[in-house]
Amino acid sequence: MAVGLRRRSPRGAPSSLIEVFRGDPPALELRGLTKRYDDGTLGVERFDLSVPDGAFFGLLGPNGAGKTTLISAVCNLIRITAGEVLVFGEPTSSLRTRRWIGLAEQDINLDRFLTVRETLLYHGGYFGMERADAEGRADEMIDLFELGAKAGVVAPKLSGGQRRRLLLARALMHRPRLIILDEPTAGVDFELRQELWSTIRRLHADGTTILLTTHYLEEAEVLCEEIALIRGGRLIARDSADGLRRHFGADTLQGVYVKAMAG
Amino acid sequence: MTGYRGLLWLARRETLRVSKLWTQTILAPVVSSILFILVFGLSLGDRIRNVGTVEYDVFIVPGLITMAMVQAAYANNASTIFQARYDRYLNDILSSPMHPWQMTLGFLIGGLYRAFTIGLALFALAVALIAVPVERPVALIAAVSLGLVLFASLGTVVGIFADSWDHTTFIANIVILPLAFVGGVFYSIDLLPSPWEEISHFNPLFYLVQAIRFGFLGESDVSIWLALGVTAALAVPAYLWAQWLFSSGRKLKA
């Protein structure tokens with residue numbers, strides 16, 4: 001599968017070395033990001049984060065920790081209160097950067113009037129792809145996610161697993177350099193989860209930067225090179241799974257999570 | 001170029017939606033408007049005196065076409081945007097590399113497409129049933145274009161602000177429909193006693209009906225320039241309001 005870009009990341013290297021190997025600019029950089037919602041709720045506060053180009057980066061935290069707020073800020077889906085969001089060194093206010101980001105949201109947000117193939121084609125169109133390119137890429141995505149038998153079926157008539165696959169296919173459609181997956185395996189069965197993990201790993205192996213939020217600690221441990229723990233809109237810790245275990249004096253990532261969130 | 005491709009695909013998506021739902025979006029309003037023409041025009045037309053120099057069945061056609069088109073333009077944009085917000089697939093558009101003005105225009109084109117299709121169908125049927133003339137085509141095109149921009153933009157704004165389907169239909173049923181009925185669709189305001197004649201001049205739809213009637217019949221209750229001016233004076237801010245909502249993200253982005 002050809003996905004675009006790319007540099008292999010030095011798997012297993014300590015996070016500090018990962019920064020050195022990859023150089024600048026980072027795939028994602030948040031500088032003092034603050035989001036206060038209209039009702040006064042603080043989503044995130046003075047949040048700094050840098051995700052290196054080519055990383056597989058996990059965001060872990062309980063509901064309401066600020067994960068979706070962070071993602072929405074990166075994808076132009078909320079109005080940020082203060083701070084700066086840079087993608088590959090450019091502010092997300094620039095339209096160019098939006099082509100570099102692919103988002104698969106936690107909720108199934110597919111266009112109910114479009115078939116599987118149309119969903120991919122129209123998404124490609126919104127993101128500036130030429131028609132011939134979009135058609136070829138849509139067929140590629142349909143094959144990759146085994147949606148060929150459903151290519152002419154509208155989204156509401158797909159099964160839950162098929163919708164989840166279409167959501168991921170749509171996020172990859174315009175060949176983004178940074179893919180943001182917001183709990184991509186929430187509510188899916190074991191087989192599909194394994195299948196999605198395998199696809200996501202292949203993407204990363206091709207050099208795509210991946211930002212993953214998940215409630216499944218096992219998923220974060222298996223997939224992510226680095227994990228950031230967030231609580232109450234603030235960054236608690238950030239390291240590899242091994243580094244976090246050492247830092248928190250825990251045997252498992254579950255132990256790390258419990259200690260971090262209790263603190 | 002990226003944003004322009006996005007605009008074309010968004011406009012295509014909006015017209016595709018109208019075409020896929022054609023029984024609701026096109027057929028139903030055409031049938032109901034034709035019923036109005038048949039019942040009020042052909043059945044009652046013989047018993048009602050001419051309005052000025054125009055036969056009654058011909059007189060009501062421009063107003064009925066106007067009413068059907070503005071309702072369609074409004075309803076289309078209010079429903080497509082509310083649905084996109086409700087199902088959250090609007091995020092796919094908001095996160096794309098399109099300028100806010102391209103998003104506004106892309107949605108607007110869907111409303112214009114639906115309203116023009118209805119208008120053309122009604123015009124063709126009206127010509128077949130009743131010999132409706134088009135005396136001032138340029139004025140007609142200008143009036144229709146301004147009126148549809150006004151009501152499609154209003155639909156966009158309501159679709160963005162609405163918290164439920166009821167909100168979108170409330171404006172259609174409680175504001176637009178009554179204003180259309182008292183906007184001179186079925187009568188000339190010259191026939192109204194005071195103060196109703198004067199009050200009619202505060203109805204924005206009255207001016208649109210007059211402008212479109214002038215385009216068809218070459219006569220209206222007020223000057224064509226006044227009618228076009230008032231419609232334009234409402235259409236421009238309505239469009240800018242819709243575009244400001246996309247630019248600022250208000251109600252679209254938390």
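**Stop one: a helix and its neighbours**

Select α6 of chain A: its buried residues pack against β6 (101–104), α4 (116–126), α5 (131–144), β7 (178–182) and α7 (190–205) of chain A. Contact here means that two C-beta atoms, placed from the backbone, lie within 7 Å. Helices (H or I, at least four residues) and strands (E, at least two) are DSSP runs, numbered from the N terminus.

This is a predicted model, where local features need pLDDT of at least 70, side-chain atom pairs count only at pLDDT 80 or more, and totals for chains, interfaces and linings use all residues. Residues are numbered from 1 along each chain as its sequence is written, while chains are lettered from A and ligands numbered from 1 in the order in which they are written.

Now colour the buried residues of α6(A), among them A:Arg164, A:Leu168 and A:Leu172. Buried means that 20 or more other C-beta atoms lie within 10 Å of the residue's own.

**Stop two: the two domains**

Next, select domain 1 (1–100 + 176–263) and domain 2 (110–175) of chain A; such bounds come from an automatic or database domain assignment. Their centres, taken over C-alpha atoms, are 25 Å apart. Where they touch, eleven residues of domain 1 are in contact with ten of domain 2.

**Stop three: a sheet**

Finally, show the open sheet of four strands in chain A, ordered β2-β1-β4-β5 with antiparallel pairing. Strands pair if DSSP finds at least two bridges between them. At the edges are β2 (42–51) and β5 (90–91), each pairing on one side only. Six bridges join β1 (residues 28–36) to β2(A), and A:Leu33 stands opposite A:Phe47 in β2(A).

Note on methods:
A residue is buried if 20 or more other C-beta atoms lie within 10 Å of its own, exposed if 12 or fewer, and partly exposed in between; C-beta atoms are placed from the backbone.
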